[in-house]
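Have the viewer open as you read.

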Amino acid sequence: MTEPRTAPGTAPATPLPVVLAGARGHGRWHVANIRRLEAEGLVRLAGICELTPLTEDEFGGELPEQSADFGALLESTGARIAVICTPIPTHTDLALTAAGRGVHILLEKPPAPSYAEYRRMADGVAAAGVACQVGFQSLGSHAVPAIRDLVEGGAVGRVTGIGGAGAWVRSEEYFRRAPWAGRRRLNGVDVVDGALTNPLAHAVATALALAGSTRAEDVAGIETELLRANDIESDDTSCVRITTTRGGSVTVAATLCAERADEPYVVVHGTGGRITFWYKQDRVLLQRAGHGPEETRFDRTDLLENLVAHLTDGTPLLVTPDETGAFMQVVEAIRQAPDPAPLPDGAWHRVPGENRRVVPGVDGLVAAAADTLSLYSELGAPWAPPAHHLPKEVSTR
């Protein structure tokens, strides 16, 4: 069955002018989304900030104002909203540039490459009094509150833990698509790109949301296992186990070296059943003792649309910076962990004709980690080093 769509918020009297910083790569998704909301009369794409201007062929039509100077572009366009989809190390400074001009923000995930930079961004935005939404699109899914209601209603008994699994495939070109890709640092600046912090960051953030542990102070301890099959600095095969201050456990495993691509998911384990959430598909499967399986597909609220509604009629924001604090604790743990260990040559192979590296058996290990809340080393992966244990008390300063 499908959950009914909720009524949209009140449209603004005139479309809100939006400036997009970063219109290539993933930014193309934002261009398409802004165009969709333009057609609904909610926003107007007033400007694009790129170091190298887009051509009309690239953009697919008549271009708005362009500039490499983000602050000047915000002022010349009279922007009300800035969508920031730029390299991770630039997020904080660009967000603060927008905030300093009273411009509200949709900031791509991860919000920052370190906890200190995240804190600088969040505190600066709060001091400026502007709204900021962090782009974890999965947290706009109507499945998230529905699963919380199921859990609170005892549908699966007492929750024993939450797992997350992401088995994706990426070619070696993926790690060369930009200077910061696959890097932990670049020119002495933190980047912290990696499977759990960037492409499969939604698995971590969504698992924490279902655990009711989204804020920095909700995290008590973190263990990481970071590995790489590719010739990169960052991890492409990794897992993390987060202990919450409520006593819960969240374990997420991810790889970009899967044998075959699969839909990432989060699973809530209970004493009387389980709830699986394929967050890219907004699909939920409830399995419990004495009942047949129940599958539901949900709609989701777009985060830019939610930001517009917030500015128009006060609709609460779905993903504020403070609600990503626990995720940023995970980013910080990964940043502070030893550099990812290279897998031995015999642990991976190239796929002929696809220019990608595969770790045989990793698909099953990713699923087993989510199923048993175990780390790779605990599952007997021969290439997994001992877990890196951070102090039980995780700093939120």
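What follows covers the pocket, one aspartate and a set of salt bridges.

A word on ground rules: this is a predicted model, so local features need pLDDT of at least 70, side-chain atom pairs count only at pLDDT 80 or more, and totals for chains, interfaces and linings use all residues. Residues are numbered from 1 along each chain as its sequence is written, and side-chain values use heavy atoms, with hydrogens and water left out.

Start with the largest pocket, which has a volume of about 1,400 Å³. Closest to its centre, out of 42 lining residues, are Arg24, Gly25, His26, Gly27 and Cys85. Helix H1 (27-39) and helix H4 (91-100) each supply at least two lining residues, and H1 gives the most, with 4. (Helices are DSSP runs of H or I with at least four residues, strands are E runs of at least two, and both are numbered from the N terminus.)

Now find Asp190 in strand E9 (residues 189-190). Is Asp190 buried or exposed? Asp190 is buried, at a relative accessible area of 19%; buried means under 20%, exposed over 50%, and partly exposed in between, using a 1.4 Å probe and protein chains only. Counting contacts as heavy atoms within 4.5 Å, Asp190 touches Pro89, Pro113, Ser114, Arg184, Arg185 and Arg335, leaving aside residues up to four places away in sequence.

On to the salt bridges, each a side-chain nitrogen of Lys or Arg within 4 Å of a carboxyl oxygen of Asp or Glu. Side chains of opposite charge can pair when their charged atoms come close. The count here is 28. One of them joins Glu233 to Arg183, with the closest N and O atoms 3.3 Å apart. Glu233 sits in the loop between strands E10 (219-228) and E11 (237-244), and Arg183 in the loop between strands E7 (159-167) and E8 (185-186), so this pair ties together parts that are 50 residues apart in sequence. Glu233 is partly exposed at 32%, and Arg183 is partly exposed at 26%.

Asp339 pairs with Arg185 at 3.8 Å between the closest N and O atoms. Asp339 is in the loop between helix H9 (325-336) and strand E17 (341-342), while Arg185 is in E8, 154 residues apart.

Finally, Asp322 and Arg215 meet in a salt bridge of 3.7 Å, N to O. These two belong to a salt-bridge network that also links Arg119, Asp123, Glu217 and Glu323.

Key:
On a 1 Å grid over the protein atoms alone, a cavity is a set of points where a 1.4 Å probe fits but cannot get out, and a pocket is an open set with protein on both sides within 12 Å along at least five of seven lines; lining residues have an atom within 4 Å of a point. Grid points are joined across faces, edges and corners, and a volume is the space filled by probe spheres set on the points.
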